[in-house]
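Student: Hi! I'd like to walk through this model with you, strand by strand and helix by helix. Could you take my questions as they come?

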Amino acid sequence: MTHDADSTSFRARAPAFCAVLVLALLWELLVRVLGVPEYIFPTLTRVCYELLVSGGTVLYHLLITLGVACLGLLVGTSMSLGTALIFARFGLIRRALLPILIAGQAIPVVALAPYFLIWFGPGLTSRVLLICILVFLPGLLVTVEGLRRSRRDAGLLFDVIRVTPSRRFRWLTVPLAMPAIASAIDLTAALSVIGAIVSELSGQPNGVGFLVIIASYQFDTPAVFAVLSAAAIGSFVLFSLVRLGTLTLRRKFAIYYEGG
Amino acid sequence: MAMSAERVNVWLGAGKPHHVVRDVNLQLAQGKVLSIIAPSGAGKTTLLYFLAGILPIESKSNYLNFSFFGQDYNTFSKKERVGFAFQRQLFFEWSTIIESIVQYQKASGLAPDKRLIKQLLSGLGIAEAEDFRPSEMSGGMLARAALARAMSISPRLLLLDEPFYGLDELSRSRCLQVIRDYVSTSKCLAILVSHHLTDAAAISDKIMVLSSSPMTLLREVDLTPNEKSRSLQEATKIAEDVRALAVKLWLSNDSRR
């Protein structure tokens, strides 16, 4: 796929670099020209200075957040893939449980975060569970859709040889759903960092969310911005790494059609 | 007759069904090749889907006295493995051609037989393709790989829906020979749908000329029995006669409507 090769070249990335540069300049200039006070909206240079000074601390907490996010991503995605496989294989179970799960998703996870802390205590369990809850349903829905959308003409190839349902599922349905599964993983990767930070905001003793709470109590807006910028960069790196894996998955599980 | 069906009717589509196949009778003996000639979009593929037992759920069909080696239609469509070379060849990029055909044999409930696959591939002139992935192959190679896949499950019924898409003249005649030899020696039944009348003439024992919308049988042309594929010269001669006949029949059928 030449398309993917292109996207890694400098030429393909130049527009993004330029856009970042322009936005950074705009940020710096606007804040200076309008004379916005630092505790309302700090300049970019102030945020960078903050990052430089407390870089070690930020990095430490960022790594904790990203680590938790990775773990949550792993557990949450496995849960949604497993459930999706069961749902795709047994329609009755899907029809019984899917509406309940969708209704459950209407509850804002942020509201539940403090209770997770009370139920499971501060620590890994409550954080990972929160991420799982956040990523489970989107991952599930995308995967279920992919598993059900087995193409009719692909199915015919197996219909004419009267294949058994279990072989059909293993050799046709699951491989055909791989692109959708890749999309589900992409989606949950982006969500998992948010989930980790949300759980930390509600009173965990470390992580990016913890730093944000501390800094905002002290009206230290440059520190809040510095931490959040670091989190954005970290989550971008995590997402890019995941994306590398899912791109390979998409390429490997391609289908070829030729003719009429 | 190994396969027979009378007054086959097929309607497609939910809601207001569309009458695609009307009152088609069909009989075919073991080791014989039947070709189906009809205008584009007439419903040849639909008829093949009926004969393969894979009509879509939202379709409707009826027929009289269907028999395939004594099986009724229900048993046939549940039990009998059909070799089908589809118009669109589907291959998965995650396996090489030979892996993919081996898996197809396993999916059919057969023991994998790599020797047979290699023999088929080299017979069709693509011996080198066994370790290729579909993205490394041309359309013509994929068409032949699909043919090999259909024959690799040793079917008693072989259905070929425009199987030579993207193939040059020489490769086509080679494939026709392989198909004809395969049908004669394995004593299976084959039905070929093709727009190339010369292809049909080269290997058929019988050619059915059908009309479109709905597709009805206009004429059956019995050819002199043959075990091998006919020479290009002979096939061209037959094809010309059949073409003249088919055009005449289609025109008069059109004017009657």
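Student: What is the strand order in the open sheet of three strands in chain B, and what is the pairing?

Tutor: The order is β2-β1-β4 in chain B, with antiparallel pairing. Strands pair if DSSP finds at least two bridges between them, and helices (H or I, at least four residues) and strands (E, at least two) are DSSP runs numbered from the N terminus. Before we go on: this is a predicted model, where local features need pLDDT of at least 70 and side-chain atom pairs count only at pLDDT 80 or more, while totals for chains, interfaces and linings use all residues. Residues are numbered from 1 along each chain as its sequence is written, with chains lettered from A and ligands numbered from 1 in the order in which they are written.

Student: Good to know. Which strands of that sheet stand at the edges?

Tutor: Those are β2 (18–28) and β4 (60–68) of chain B; each has a single partner strand, so one side of each has no neighbour in the sheet. On average, neighbouring strands here are turned by 10° against each other, direction ignored. Angles run from 0 to 180 degrees between N-to-C directions, with axes fitted as lines to C-alpha atoms, for helices over the stretch in contact.

Student: How many bridges join β1 and β4 of chain B?

Tutor: Six bridges, in the antiparallel sense, between β1 (residues 3–12) and β4(B). Within that pairing, B:V10 has B:S61 of β4(B) as its bridge partner.

Student: And which helix packs on this sheet?

Tutor: Helix α1 (residues 44–52) of chain B, which touches β1, β2 and β4 of chain B and makes about 60° with the direction of β2(B). Contact here is judged by C-beta atoms, placed from the backbone, lying within 7 Å.

Student: New topic. What is the order of the open sheet of six strands?

Tutor: In chain B the order is β5-β7-β8-β3-β9-β10, with mixed pairing. At its edges stand β5 and β10 (217–222) of chain B, each with a single partner strand, so one side of each lacks a neighbour in the sheet. The twist averages 15° from one strand to the next.

Student: Is β5 of chain B parallel or antiparallel to β7?

Tutor: Parallel: four bridges join β5(B) to β7 (residues 157–161) of chain B. B:A85 stands opposite B:L160 in β7(B). Across β5 and β7 of chain B lies α5(B), running at about 175° to β5(B).

Student: Why is β3 of chain B described as largely enclosed?

Tutor: Because five of the five residues of β3(B) are buried, the rest of the structure largely encloses it. A residue counts as buried if 20 or more other C-beta atoms lie within 10 Å of its own, exposed if 12 or fewer, and partly exposed in between, with C-beta atoms placed from the backbone. Both faces are covered: B:V33, B:S35 and B:I37 are buried on one side, and B:L34 and B:I36 on the other. In a regular strand, side chains alternate between the two faces of the sheet.

Student: What does B:I36 stand opposite in β8 of chain B?

Tutor: B:V193. Four bridges join β3(B) to β8 (residues 189–193) of chain B, and the two run parallel. Another four join β3(B) to β9(B), also parallel, where B:M208 is the bridge partner of B:I36.

Student: Over to α8 of chain B. Which of its residues are buried?

Tutor: B:A235, B:I238, B:A239, B:V242 and B:A246. What covers the buried residues of α8(B) includes β3, α7 (197–203), β9 and β10 of chain B.

Student: What about the core? How many residues does the largest nonpolar one have?

Tutor: It has 92 residues, and B:I37, B:L158, B:L159 and B:A190 have the most contacts inside it. α5(B) gives the most to this core, with nine residues. Such a core is a set of buried Ala, Val, Leu, Ile, Met, Phe, Trp, Tyr and Cys residues joined through C-beta atoms within 7 Å.

Notes
Two residues are in contact if their C-beta atoms, placed from the backbone, lie within 7 Å.
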